[in-house]
Amino acid sequence: GLHYAHAAEHPETRAPLRIVHRDVSPPNVMLSKNGEVKVVDFGLAKANSQLELTDEGVLKGKFSYLAPETALGLTVDARADVFALGVLLWEMLTERRLFLGDTPHETVEMIRRARIPSITAINPSVDAELEGIVRKALARSREDRYETAADLGEALTTYLFSHGLKATARDVALAVRAVQAARARRASPGAA
């Protein structure tokens, strides 16, 4: 979904729109009961054809998922969204928040430094190869990150394939349905 937005072109001129979501975070990634993964809420997205209506350096988005260049008030491109995906991956693999200070200012300072704790130290079941993929997405310098969301997706797909793992839409659908069933059991009277 992000690559589609990043690669979108003007329908008449075919000029790249260079859309950047700028708010990739857990509430904006949805899983359907049919196993579709959707990126929603492009409310902060900006195409290169839009005028900037805010003051230079004003931060937008959920602070914990900003890229360092965003936190520094610099111009952003698709690699800011790749960084946010890296944060999501890191958090899913560790079951911890990556950038969360006691105040928004502390959180932004943590992002600016972009010091990334070892995933394998927190979750030893994650191997060095997968951690390397996530670390590349979380590189402080955008020049060291995956160029596109598609490149990150390809790295993850290659990793899964090379390790005999699969994650199809059916697998996602089954997981979503299992979570829904567990929630329904907890919500029903007499549930323990």
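Among contacts in the protein between residues at least 6 apart in sequence, what percentage join residues at least 24 apart? In this predicted model, the figure is 56%.

The protein contains 8 helices and 2 strands, and along the sequence these elements follow the pattern α-β-β-α-α-α-α-α-α-α. Of its 192 residues, 34% count as buried.

**The largest pocket**

The largest pocket has a volume of about 1300 Å³, and among the 31 residues that line this pocket, those closest to its centre are V37, L89, M92, L156 and L160. Two or more lining residues come from each of the elements α1 (2-7), β1 (29-31), β2 (37-39), α3 (78-94), α7 (149-162) and α8 (169-187), and of the contributors to the lining α7 gives the most, with 9 residues.

| Class of residue in the lining of the largest pocket | Number of residues |
|---|---|
| Nonpolar | 23 residues |
| Polar | 6 residues |

**The largest nonpolar core**

The largest nonpolar core also has its membership defined, with 31 residues, of which V87, W90, L98, F99, L138, Y146 and L152 touch the most other members. The elements giving two or more residues to this core are α3, α4 (104-113), α6 (128-137) and α7, and α3 gives the most, with 8 residues.

**F99 and the helix α4**

Leaving aside residues up to four places away in sequence, F99 touches S64, F83, V87, T107, M110, I111, A114, R115 and I116. One of these partners, V87, is listed with F99 among the core residues that touch the most other members, while T107 and I111 are buried residues of α4.

The buried residues of α4 are T107, V108 and I111. Seen down the axis of α4, these buried residues fall within an arc of 100 degrees, so they line one face of the helix. The buried residues of α4 pack against α2 (68-71). Just after α4, A114 takes a positive phi of about 50 degrees, and A114 is also one of the residues that F99 touches.

Definitions and conventions
Residues numbered from 1 in each chain as written. Predicted model: local features only at pLDDT ≥ 70, side-chain atom pairs only at ≥ 80, totals over all residues. Heavy atoms only, no water. 1 Å grid on protein atoms, 1.4 Å probe; cavity = no way out; pocket = protein on both sides within 12 Å on 5 of 7 lines; lining within 4 Å. Points joined across faces, edges and corners; volume = space filled by probe spheres on them. Helix = DSSP H or I, 4+ residues; strand = E, 2+ residues; numbered from the N terminus. Nonpolar A, V, L, I, M, F, W, Y, C, P; charged D, E, K, R; others polar. Core = buried A, V, L, I, M, F, W, Y, C linked by side-chain atoms within 4.5 Å. Buried < 20%, exposed > 50% of the residue type's maximum accessible area, 1.4 Å probe, protein only. Contact = heavy atoms within 4.5 Å. Arc of directions from axis to C-beta.
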